[in-house]
Amino acid sequence: MSKVFHATSVGKVRKNNEDALIFIEPDTFVVADGMGGAAAGEIASRMLVETVEDFLPSVPKPWHEDILQKAILKANAAILRTARSNESYRGMGTTATILHLYDGRAYFAHVGDSRLYRLRNNLLEQITEDHSYVEDLVRRGRLTPEEARVHPLKNLLTQAVGVVEEITVDTASFSVAAGDIYLLCTDGLTNMVSDRAIAEILSRSASPVDELIDAALQNGGHDNISAIVVAV
C-alpha cells in the first residue's frame with residue numbers, strides 16, 4: 001500500500017498553469033510541464049496526461065516500461081497533429097514523467113526536465129536525467145551542477161513531447177523497497193528548492209507536497225509548481 005500526495009500551483013509570476021498531473025489509482029503517476037505561446041503549453045500538457053489516462057487502462061497490467069513508452073509516443077503524435085492543424089499551437093510541447101508501481105517493481109518513462117526522485121534510507125537519488133542543454137554540459141564536465149542551476153539557458157530542452165516526430169523516451173525498471181518515497185515534479189520545484197531541502201522535507205513532513213510547494217513559493221515561485229509524492 002502507498003500513501004499519495006499531489007498538488008499543483010500557478011506560482012507567483014505566471015498567469016496560467018501549464019503543468020498537468022494525474023494519479024491513476026492506485027499505482028500510476030504522471031507529471032507534465034507544457035511549453036508554447038499563449039495557452040499552447042497548457043494544451044500540450046493536458047493532452048499528454050489525457051492520452052496516457054486513456055491508453056494505459058486499455059492494456060493489461062503490469063504497465064512495464066515499453067507500455068509507458070508507447071503511451072508517451074501516442075501523446076507525441078497527438079500533440080503534433082494538433083499543432084500542425086492550428087497555427088497558434090505551432091511549437092507547443094511538454095515534458096512527461098510516468099511512474100508505475102506494481103508487485104514490488106517500479107517502471108518509469110521520461111522525456112524532458114521534469115524529474116523522478118527516490119528517497120531510500122534518507123538518501124535522495126534523481127532517477128531520471130534531464131533532457132536539457134545545461135545537463136548535457138554537466139554530463140560532459142563542462143559545467144558543475146551548481147553552475148547549471150543558474151545558467152541562463154537552463155530551461156532549454158533537448159527533448160520534449162509533441163515537438164518533432166522522432167523522440168527518444170528514457171525508460172527503466174527497478175525493485176521497490178518498503179519505506180521508499182518517490183517524488184515526481186516539474187522544474188518549477190527543482191529550480192527553486194535544492195535537493196538537500198527536498199530530501200529534508202520528504203524525510204519528515206506529514207504533508208510533503210504542501211511543504212515542497214510552499215518552499216518553492218518562498219524562494220520566488222518563478223514558474224508553475226507541481227509534485228506527486230508516493231510513500232511506499
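Student: What makes the crossing of H6 and H7 right-handed?
Tutor: The H6 and H7 crossing falls in the right-handed class. This is a predicted model, in which local features need pLDDT of at least 70, side-chain atom pairs count only at pLDDT 80 or more, and totals for chains, interfaces and linings use all residues. Residues are numbered from 1 along each chain as its sequence is written, and side-chain values use heavy atoms, without hydrogens and water.

Student: Which residues make the contact between H6 and H7?
Tutor: H6 gives Ile 198, Ile 201, Leu 202 and Arg 204. H7 gives Pro 208, Glu 211, Leu 212 and Ala 215. Contact here means heavy atoms within 4.5 Å.

Student: How do those contact residues of H6 with H7 divide by class?
Tutor: Six are nonpolar, none polar and two charged. The nonpolar class is Ala, Val, Leu, Ile, Met, Phe, Trp, Tyr, Cys and Pro; Asp, Glu, Lys and Arg are charged; the others, Gly among them, are polar.

Student: Why is H6 called roughly antiparallel to H7?
Tutor: H6 (residues 195-204) and H7 (residues 208-218) pack at about 155°, with axes 9 Å apart. Angles run from 0 to 180 degrees between N-to-C directions, with axes fitted to C-alpha atoms, for helices over the stretch in contact. Under 35 degrees is roughly parallel, over 145 roughly antiparallel, 65 to 115 roughly perpendicular, and the rest oblique. So H6 is roughly antiparallel to H7.

Student: What about H1 and H2: which class does their angle give?
Tutor: H1 (residues 40-55) and H2 (residues 65-85) cross at roughly 135°, and their axes come within 9 Å. H1 and H2 are therefore oblique to each other. Their crossing is right-handed. The contact includes Met 47, Leu 48 and Phe 55 of H1 and Ile 67, Ala 71 and Ile 79 of H2. By class it has ten nonpolar, two polar and two charged residues.

Student: What lies in the loop between H1 and H2?
Tutor: Pro 62 is found there. A cis peptide bond joins Lys 61 to Pro 62, with omega about 5°. Another cis bond runs from Glu 25 to Pro 26, with omega near 0°. Pro 26 sits in the loop between strand E2 (19-24) and strand E3 (28-35).

Student: What makes E1 and E8 edge strands?
Tutor: Five strands form an open antiparallel sheet, in the order E1-E11-E10-E7-E8. Strands E1 (3-9) and E8 (123-126) each pair on one side only. Pairing requires at least two DSSP bridges between two strands. The twist averages 15° from one strand to the next.

Student: How do you know that E10 and E11 pair?
Tutor: Strand E10 (residues 181-185) and strand E11 (residues 225-231) share five bridges, in the antiparallel sense. One of the partners is Ala 231 of E11, which bridges to Ile 181. H6 lies across E7, E8, E10 and E11, at about 55° to E7.

Student: How does the radius of gyration compare with that of a compact globule?
Tutor: The globule rule is 2.2 Å times the number of residues to the power 0.38, and the radius is taken over C-alpha atoms. For 232 residues a compact globule would be near 17 Å; the protein has 17 Å, so the two agree. The C-alpha trace spans about 50 × 45 × 35 Å along its principal axes.

Note on methods:
Helix = DSSP H or I, 4+ residues; strand = E, 2+ residues; numbered from the N terminus. Left-handed = near helix turned anticlockwise from the far one by under 90°.
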